[in-house]
Structure formats: structure tokens, C-alpha cells
Amino acid sequence: MNERILVVEDEPTIATGLRDDLELEAFSVEVVDDGREALDRILEGQYDLVLLDLMLPGMDGLEVCRRARSKGLRTPIIMLTAKGQEVDKVVGLEIGADDYITKPFSRRELLARIKAVLRRAPDGREPGALHRFGDVTVDVGRCEVTRRGRVVDLTAVEFKLLRAFLDHRGQVLTIDELLREVWGPDAVLTDRVVYTHVNHLRNKLEEDPRKPRLIVGVRGLGYRFDG
Ligand code: CA
């Protein structure tokens with residue numbers, strides 16, 4: 001799946017140039033030219049990265065960034081600043097932008113920044129193996145699950161259960177196998193504990209937990225992870 005980048009830029013020639021450059025690098029690109037619309041789109045959490053111009057109609061880039069972060073959104077943001085806006089760069093990083101780049105910039109410089117930010121986790125640590133399914137991303141190394149760009153709060157058991165499913169994508173796992181894998185070979189537990197935690201996980205990850213499409217029940221056997 002191509003990484004999705006939202007370009008927020010109100011100068012048409014720059015916006016078009018960015019789109020062309022990024023599409024050449026096989027990114028999937030959308031462009032908006034207004035700060036308020038940008039915030040709405042960013043909060044949908046469908047992007048892997050946002051290029052955010054500072055001076056925008058509707059709402060300026062700093063305010064867009066600040067509001068997105070205050071709503072818990074972790075999608076990486078690179079601010080686009082013009083020469084002479086150095087003060088704003090510092091403020092931008094303080095309010096949660098991941099990097100900034102000063103116009104005019106070369107295509108090469110921009111791509112290097114984008115790649116660096118995409119490689120990096122929000123707190124600067126390297127991410128572990130990433131699994132994606134639907135609108136969910138699982139960073140196994142960091143034990144972190146995000147859905148539409150927001151952190152999903154999983155308990156340790158729920159995370160272990162999810163990892164067991166990810167290790168056996170598309171295969172049926174029996175209740176006994178899940179008990180062994182998540183709770184260990186010596187745990188004395190009833191099947192009920194598996195049902196309960198599977199339901200918790202479904203509530204947190206499934207689009208419609210009553211009609212699960214990720215963690216699918218296989219009658220008389222157990223569960224299969226179809227994410
Ligand atoms: Ca502008």
C-alpha cells in the first residue's frame with residue numbers, strides 16, 4: 001500500500017509541484033489549500049504524513065498542528081516555512097510538528113526529510129515491525145496500536161492476544177492454542193477468559209464489533225484473524 005501524504009498548501013504552483021514530485025516517488029497524494037479543511041482531513045487520520053504550509057487561509061499551519069495534537073493525533077507533520085520565519089519553526093516543533101523545511105527547497109531535500117520522518121516514531125525511537133490492517137497499525141516493538149492515527153489503549157493481555165493473531169494471520173487458532181500462547185502452558189483457565197478478551201479486542205479494533213471482520217469466529221474451533 002502506498003503511503004498517503006496530505007499536502008496543505010495554498011500556492012497552486014507549489015502545491016502542483018509537490019504533488020508531481022511525491023507521485024513520482026509512488027506516494028499517494030491529496031492536496032488542500034485551506035487550514036480549516038486541512039484540520040478536518042487530518043483528524044480523519046487517514047494519512048501517513050502531512051506537509052503543512054505555515055501561512056494559510058482559514059487557519060494558519062501552527063494552529064492546525066496544535067489542534068491536531070491536542071486531539072491526540074500522532075500523524076507525522078512537516079511544516080513548510082518561508083525564509084525569515086525561523087521563530088515560527090521553533091514554535092512549530094514545540095507544538096508537535098516533527099520537522100520543518102524552509103522554502104524554497106529542493107525535491108531531494110524534501111524527500112530526504114519525508115523519508116526520515118516516516119522512518120521515525122513520534123517520540124524519535126525507531127519503530128519495530130509494523131503490521132497494518134484496515135485503519136489499524138500495530139508497532140510490535142513499541143507495543144503500540146494506533147487506529148486512524150490515534151493510540152488505542154490495549155491491556156497487556158489484549159496486546160498479547162493481538163500478537164498471537166498477527167503471528168498466525170489467516171489460520172484458525174483454537175481456544176486451547178490461544179490459552180497456551182497468551183496465558184502460558186500452566187495457566188488453569190476456562191475458555192470463557194478467551195471469549196471475554198477477544199470481545200474486548202473486537203470492541204477496540206473492529207469497525208462493527210457485532211459483525212467482526214478482523215477476528216472471525218470459526219464455529220466449534222476457535223478464531224481466525226482475517227486482518
Ligand atoms: Ca501559504
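Which residues do ring pairs link into a cluster? Here are a few friendly notes on that, bearing in mind that this is a predicted model.

1. The cluster. Ring pairs join Phe133, Phe165, Tyr223 and Phe225. The structure holds three aromatic pairs, and two of them are described below.

2. Phe165 with Tyr223. These two rings have centres 6.4 Å apart and planes at 85°, so the pair is edge-to-face; the cut-off for that label is over 60 degrees. Phe165 sits in helix 6 (residues 156-167) and Tyr223 in strand 12 (residues 222-225), so you can see that the pair links distant parts of the chain, 58 residues apart.

3. Phe165 with Phe225. Here the ring centres lie 6.0 Å apart and the planes meet at 25°, so this pair is stacked, given that planes under 30 degrees apart count as stacked.

4. Burial. Phe165, which takes part in both pairs above, has a relative accessible area of 1% and is buried. Phe225 is also at 1% relative accessibility and counts as buried. Tyr223 has 8% relative accessibility; because the cut-off for buried is under 20%, Tyr223 counts as buried as well.

Technical notes. Residues are numbered from 1 along each chain as its sequence is written. This is a predicted model: local features need pLDDT of at least 70, side-chain atom pairs count only at pLDDT 80 or more; totals for chains, interfaces and linings use all residues. Side-chain values use heavy atoms; hydrogens and water are left out. Rings of Phe, Tyr and Trp (its six-membered ring) pair if their centres lie within 6.5 Å; planes under 30 degrees apart count as stacked, over 60 as edge-to-face and the rest as tilted. Helices (H or I, at least four residues) and strands (E, at least two) are DSSP runs, numbered from the N terminus. Buried means under 20% relative accessible area, exposed over 50%, partly exposed in between (1.4 Å probe, protein chains only).
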